[in-house]
Structures are given as structure tokens and as C-alpha cells.
Amino acid sequence: MTSLPPPQDFRGADDGGSRHHGEYKVPGGKLVVVDFDVVDGHLARVSLSGDFFLEPDEALPEINRALTGLPEGSSAAEIADAVAAALPPEAVLFGFSADAVAVTVRRALAKATGWHDHHWNIIAPSVLPTHVNVALDEVLTEEVGAGRRNPTLRFWDWEEPSVVIGSFQSVRNELHPEGVARHGISVVRRISGGGAMFMEAGNCITYSLYLPQTLVDGISFADSYAFLDAWVMAALAKVGISAFYVPLNDIATEQGKIGGAAQKRLANGGMLHHVTMSYDIDAEKMVEVLRIGKEKLSDKGTRSAKKRVDPLRRQTGLARTEIVAAMMDVFTERYAATPSELTGAELDAARARVESKFGTAEWLHRVP
């Protein structure tokens, strides 16, 4: 538990503190709201509210007391620990958590941000080599982290059949070299973890979000996946698909898995979150290219790799372009996103990064 400052009254009459207000809608849960002052660098006159459920009633003033007096520089973990330690043993929180309270407080202090605190850009699909697409993920994440680009949603497009492997995957263990050669597959390693993506032109929908890490401040690594893709679930619902997250990073429907996400956080404060969803995958070719063993399938409830991905085309009957358009529309409506394009400097930087990193044998085989 975070220790409180020396005895001072942070709850008295107005003494020049500045009022702060924060809100956080828990993904799949309730709205948490907090109001407080900051007096001499500490939280004062704290009032937590929202449409959540909390038992017993007496736990609410205990939370307010736990927050009162905390240094304004407290981390999300320190705030959550203080709240958790103050709760009576019998307390039950419905629709929120100590972590959610911490996110709300950090937002009120402008240490954490919400979607609407940013001006979002959206980049429509344009055909680029897969190596360039992967390099752009690193370049644009750096640009957002450095404040040179607005937070951005970018949709990929490509022509060559490709496999994009995760940062920590083994080339030898993930691929059938005979299948790679026979089908002319371009193999690329990305900067994020996660599994291999089998991608032919028109058979997947892939997008990348480039964002400041302040947007997920206080949100656990696991919870950040569903939080960043809430708009996607709304877009899929718009085209008739009821989708949900399967922890950690799978997107699924009752008919099976349709996609997966991966993330990378950079030291400069930028963050990459990207998703590939299957539209009309060639499952026969996929298993000739990827080594998909029994262990990987063991927690998927299926014995056949060919049943692991359930194409969006079959579930919607829509063209891939229509689904992408629906996704762009929902993102634009939710977050007031404006159209953007890749700059010449960004494309040049990505191509240079292909030459120096993503197109090299050293990078591809860094995990043999």
C-alpha cells in the first residue's frame, strides 16, 4: 500500500486547489467517474461516482479516503494498491475494479488519456510490399511516440503471398520450407510478438493502430487488447457478426476464430496494436506453408488446423472492401477521425528500414 504524506488536512475548505475530473468506461463494464482537487501536490476532496455496483455501501467512502492524500505523481499501480488495501474483506465490485479507479484518477490528472483526447487520423488501404508494411509499423509507431504524427489507424494492402512471423518465433519451427518455396511465399518478421500470419492478397483484413501509451495507462496488458478493439466489435456487429475476445489476443465468433492481435510498446511512448482477420483464407495452402502442431491446437478445441480460422466472407456474404469500409466508418464516427496519407518521408524511412533491418537475413533469422 502507498504510504500517506505527513498529517495534513486535504479535505477542508477551498484553499486554492485545482479541481480535476476524470471518466473511464470499463470495457464490458461500467462508467467510473472521479472528481478531486490537488492541494500541495496531493489529492484532496475526492469523490468517486459512476453507474457501477458496490457492496457494501460503506466501501465507497473508504475508497475516497484511500485516494485522499495520495501524491499526484502516484503510478497507476500505486493508486490501485491503495484502493485495494482500503476495501473491506467482504467488498464486491461489479462492473469496475481498483485498476479502473486508478485509470480514472490518472485520466483526471492528464497522466492517462482517453480516445477523445486525441485527434485521430485514418489511412485507407494502399498496396505496398509486405516488407514495407511491416517497416511502416515501426516507423509510424516511432512518429506517434515522438509527437510528429497524430495517433493513426492504417489499413494494409499487399499483393505478394506472405507469412509475417512474430518477433520471437523460430523460422525453422514455424514454416515448411518446401511449401514456402512452392507457393512463392515472402517471409517477414515483425516487431511485435504473437503468432504467424498467412496472408495472400484479398484473403485477410489487416490494420495497425499507432497510439500514445497514455491511452492504455493503468490498463493491464491483457485488458488493453479488448480495450483497443472495442470499435472493431461494433464494426463487426454492423455487418452482422457477433464477435468477442478470447484472452489473450484472439478475436472469435461462435463459429470459430476469425483473427488475432499483437502489440509492441516503444521506449519513446509510442505503441503499436495490430490485427489480422481472415476473410477468405486458403486453408489447404496455409497448412502446406505453416507448421501448425498439435500443441498449438490443444487449447483451441479442434484437431484440424483447417478449422482454426472462420472466414469473414462466409459469415457476412460481403466483399472484403465492404467490411473494411464499415470498419473505417465506425472508427471515424466514434473518434472523429480524419483522413490522412503516408508522407513521402515516412515511406522513404520505411524503405530504408527494409534495407537495414526488415529485409535482412540477420533480422529474419534472429530466432533461427
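R149 and E346 form a salt bridge, their closest N and O atoms 2.8 Å apart. R149 sits in the loop between α4 (130-145) and β7 (152-157) and E346 in helix α13 (residues 344-358), so the pair ties together parts that are 197 residues apart in sequence. The model is predicted: local features need pLDDT of at least 70, side-chain atom pairs count only at pLDDT 80 or more, and totals for chains, interfaces and linings use all residues. Residues are numbered from 1 along each chain as its sequence is written, and side-chain values use heavy atoms, with hydrogens and water left out.

**Terms**
- A salt bridge puts a side-chain nitrogen of Lys or Arg within 4 Å of a carboxyl oxygen of Asp or Glu.
- Buried means under 20% relative accessible area, exposed over 50%, and partly exposed in between (1.4 Å probe, protein chains only).
- Helices (H or I, at least four residues) and strands (E, at least two) are DSSP runs, numbered from the N terminus.

**Salt bridges across the chain**
- The structure holds 16 salt bridges.
- R149 is buried at 9% relative accessible area, and E346 is buried at 7%.
- E200 and K285 also pair through their side chains, at 2.7 Å from N to O.
- That pair links distant parts of the chain, 85 residues apart: E200 in the loop between β10 (197-199) and β11 (204-212), K285 in helix α9 (residues 283-289).
- E200 is buried, with a relative accessible area of 16%.

**Another pair and a network**
- D37 meets R45 in a salt bridge of 2.6 Å, N to O.
- D37 is buried at 6% relative accessible area; R45 is buried at 18%.
- A network of salt bridges links E138, E142, R353 and K357.
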